[in-house]
Amino acid sequence: MLEKVSVVLVGTSHPGNIGSAARAMKVMGLTNLVLVDPACEIDETTYALAAGASDIVENVRIVATLDEAIADCGLVVGSSARSRTLEWPQLDPRQCGIRTVKEAANHSVAILFGRERTGLTNEELQRCHFHVYIPANPEYSSLNLAMAVQTISYEIRMAHLDSQQYAGQPEDDDYPRMKELEQFYQHLEQVATRTAFIAPDKPSMVMTKMRRLFSRARPEAQELNILRGILSSIEKSLFK
């Protein structure tokens, strides 16, 4: 089950943080590390801080874009500070661990961590089904990257251990992969623009709200196919 969980580091700028994150993962039984457009090279500092987790570093997957990293995932969770400007379905670390293990029985899961100084961008956070927020001490909430990875990885491991008593009982839910969900959003924006529901030069506000709506609703694969079918039917009826 844990083999289907990936830790995705976006825009990491210090090689030591890659090694420290790998060490935090291995302690909790996670092995899949993905780097998205890293701003540094893997070097001796990476391996030094990885300690006994050099195998994770050696097998790291490096990709150019976030979409490439999460294309085949059925669940994507982005670590984030609470935001009043981008409300999104939220999980705490324990809820994140439980949901990750539940859904990893059926499809790949990605947990995203952003840049050391600025975190994930709003656009990147909109690629997620949920955001996970670590409720640290508000008077001193400074968590470095490895600490955040360790916290979430611990909760995933605890949820995994709890789930062992239910082994052999996979969930029935079949959720679409992220590449399919992105195709739906593109289709929706195209139809909404052609029907003049949204202005072609200002689609972002409406589409952000639609992404939030469908992230909250979590349509299953068959339901998403129905929605795509409706959009196709509109196109055929109005744009012959």
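Modeller: Gladly. A residue is called buried under 20% relative accessible area, exposed over 50%, and partly exposed in between, with a 1.4 Å probe and protein chains only. This is a predicted model, where local features need pLDDT of at least 70, side-chain atom pairs count only at pLDDT 80 or more, and totals for chains, interfaces and linings use all residues. Residues are numbered from 1 along each chain as its sequence is written, and side-chain values use heavy atoms, leaving out hydrogens and water.

Biologist: What makes Ser80 count as buried or exposed?

Modeller: Ser80 has 17% relative accessibility. The limit for buried is under 20%, so Ser80 counts as buried.

Biologist: Where is Ser80, and which residues does Ser80 touch?

Modeller: Ser80 sits in the loop between strand S4 (73-79) and strand S5 (90-91). Strands (E, at least two residues) and helices (H or I, at least four) are DSSP runs, numbered from the N terminus. Leaving aside residues up to four places away in sequence, Ser80 touches Leu125, His131, Val132 and Tyr133; contact means heavy atoms within 4.5 Å.

Biologist: Now the rings. What is the pair of Phe184 and Phe214 called, and why?

Modeller: Rings of Phe, Tyr and Trp (its six-membered ring) pair if their centres lie within 6.5 Å; planes under 30 degrees apart are stacked, over 60 edge-to-face, and the rest tilted. The structure holds two aromatic pairs. For Phe184 and Phe214, the centres are 5.0 Å apart and the planes stand at 85 degrees, so this pair is edge-to-face. Phe184 belongs to helix H8 (residues 178-194) and Phe214 to helix H9 (residues 204-217), so the pair ties together parts 30 residues apart in sequence.

Biologist: How is the pair of Phe184 and Tyr185 classed?

Modeller: Phe184 and Tyr185 form a tilted pair, 5.6 Å centre to centre with 50 degrees between the planes. Phe184, Tyr185 and Phe214 make up one aromatic cluster.

Biologist: How do you know whether Phe184 and Phe214 are buried or exposed?

Modeller: Phe184 has a relative accessible area of 1%, so Phe184 is buried. Phe214, at 14% relative accessibility, counts as buried too.

Biologist: How do H8 and H9 pack?

Modeller: Two packed helices are described by the angle between their axes and the distance between the axes. Axes are lines fitted to C-alpha atoms, for helices over the stretch in contact, and angles run from 0 to 180 degrees between N-to-C directions. H8 and H9 pack at about 135 degrees, with their axes 11 Å apart. That makes H8 oblique to H9, because angles under 35 degrees count as roughly parallel, over 145 as roughly antiparallel, 65 to 115 as roughly perpendicular and the rest as oblique.

Biologist: Which residues meet there?

Modeller: Glu182, Phe184, Tyr185, Leu188 and Glu189 in H8 meet Met207, Met210, Arg211, Phe214 and Ser215 in H9.

Biologist: What makes Ser215 count as buried or exposed?

Modeller: Ser215, in helix H9, has a relative accessible area of 2%, so Ser215 is buried. Beyond residues up to four places away in sequence, Ser215 touches Trp88, Pro89, Cys128, His129 and Tyr185.

Biologist: And how do H5 and H7 cross?

Modeller: The axes of helix H5 (residues 93-104) and helix H7 (residues 145-163) come within 8 Å and cross at roughly 50 degrees. That makes H5 oblique to H7.
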